[in-house]
Amino acid sequence: MSIFAKPLGILVIFLSFLGGFKLMGGNLASIWHPSELVIILGVAIGAFMVSTPMYIWLEAFKSAGRVFAGDKVNKRLYAETIGLLEELARTARASGMLALEKHVVNPGVSPIFSHYSLVMKHKALRKFIVDNFSYLLLNPPQSQHFEDHLLDQIDGIYNSMMELPKATGKIADWLPGFGIVAAIMGVILTMTLLGGEMDVALIGQSVGAALVGTLAGIFFAFALVAPFTHALEIMNRQDRSLLEMTAAFIAAYANGVSPNLAVEVARQRIPPEYDIPRSN
């Protein structure tokens, strides 16, 4: 059902906006001015492109798909992550850390990783697990503050993920201003109608069109772009929580606790909405 949540929300937004205007006695044709949309949306897209590097543009398309596809982080992903971590830890305990090398060097062909399809699809999570088990293969954790090293990695990943919502949040802040720009341009055109035998109806239509620019800028900012930005922030926080749970397991295992206890440590870091039952 989550795949329908976002489209349903957008439908409610537009039905409320257009339906409310219609109930007020308005004519929907009076708020349809493509030239205003070209100015506002064109300037907004251009400002986004100017203010961000190209990889953020690509990330915007990917994230839009993720927002509409539904939750990427869910109970099943948490269960798979714990299952993978426990299997890696048990393999290392039974056969030694070097037994993990063939799995972390090429997880795509690993018989262990292949059982956990959701983890494999989550690139940041997969990389985090592979990188840190590779680290344990090469470095004794006592040589550095390993837990701090894990948290520093998560901070770096999270800060990188937050670049997109920061950028879209800026666009939401700027859109009302772009609407005002379109409105002022409409007023300038209205001024050319003054003088001589003025057509009052035409002047009224021109003023109305100019006001639609302000309306459109505010609407797109607060009804569409701002909610999209907030959705991205929530997804990023969910990813961070998932990485923090993974880090708790790896740190516990690196400190010598048993796989069973490491699983329990990790489970305590699962948010309540994703809590998974203990296996018997």
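User: In this predicted model, what volume does the largest pocket have, and which residues lie closest to its centre?

Analyst: The largest pocket of the predicted model has a volume of about 870 Å³, and among the 25 residues that line this pocket, A64, T168, L224, V225 and F228 are the closest to its centre.

User: Which helices supply the lining of the largest pocket, and which one gives the most?

Analyst: At least two lining residues come from each of α1 (2–23), α2 (34–51), α3, α9 (163–191) and α10, and it is α10 that gives the most, with seven residues.

User: How is the lining of the largest pocket divided by class, and how is the lining of the second largest pocket divided?

Analyst: The lining of the largest pocket has 22 nonpolar, two polar and one charged residues. For the second largest pocket, which holds about 620 Å³ of space, the lining has nine nonpolar, four polar and eight charged residues.

User: Where does the lining of the second largest pocket come from, and which residues lie nearest its centre?

Analyst: This second pocket is lined by 21 residues, and E59, K62, S63, R66 and K72 lie nearest its centre. Two or more lining residues are given by each of α3, α7, α8 (146–161), α9 and α10, with α3 giving the most, namely seven residues.

User: Are R66 and D239 buried or exposed?

Analyst: Both R66 and D239 are buried.

User: What separates R90 and E86 along their helix, and why do they count as partly exposed?

Analyst: R90 and E86 form a salt bridge at 2.9 Å, N to O, and because these residues are four residues apart in helix α4 (residues 75–95), they are separated by about one helical turn. R90 has a relative accessible area of 37% and E86 has 23%; since partly exposed covers the range between under 20% for buried and over 50% for exposed, both of these values place their residues in that class.

User: How do K127 and D131 pair, and are they exposed or partly exposed?

Analyst: The side chains of K127 and D131 meet in a salt bridge at 2.6 Å, N to O, and the two residues lie four residues apart in helix α7 (residues 123–138), about one turn of the helix. K127 counts as exposed at 52% relative accessibility, whereas D131, at 33%, is partly exposed.

User: Which residues are linked in a network of salt bridges?

Analyst: Such a network links D155, R240, E244 and R269.

User: How should I read nonpolar side chains, and which members of the largest nonpolar core touch the most other members?

Analyst: In soluble globular proteins, nonpolar side chains tend to be buried together. The largest nonpolar core here has 43 residues, of which L84, L88, I129, F133, F249 and I250 touch the most other members. Helices α4, α6 (117–121), α7, α8, α10 and α11 (259–267) each supply at least two residues of this core, and α10 gives the most, with ten residues.

User: With which residues is I250 in contact, leaving aside its neighbours within four places in sequence?

Analyst: With those neighbours set aside, I250 is in contact with L85, F128, N132, F133, L136, F146 and L150.

Conventions
Residues are numbered from 1 along each chain as its sequence is written. This is a predicted model: local features need pLDDT of at least 70, side-chain atom pairs count only at pLDDT 80 or more; totals for chains, interfaces and linings use all residues. Side-chain values use heavy atoms; hydrogens and water are left out. Buried means under 20% relative accessible area, exposed over 50%, partly exposed in between (1.4 Å probe, protein chains only). A salt bridge is a side-chain nitrogen of Lys or Arg within 4 Å of a carboxyl oxygen of Asp or Glu. On a 1 Å grid over the protein atoms alone, a cavity is a set of points where a 1.4 Å probe fits but cannot get out, and a pocket is an open set with protein on both sides within 12 Å along at least five of seven lines; lining residues have an atom within 4 Å of a point. Grid points are joined across faces, edges and corners, and a volume is the space filled by probe spheres set on the points. Ala, Val, Leu, Ile, Met, Phe, Trp, Tyr, Cys and Pro count as nonpolar, Asp, Glu, Lys and Arg as charged, and the others, Gly among them, as polar. A nonpolar core is a set of buried Ala, Val, Leu, Ile, Met, Phe, Trp, Tyr and Cys residues joined through side-chain atoms within 4.5 Å. Contact means heavy atoms within 4.5 Å.
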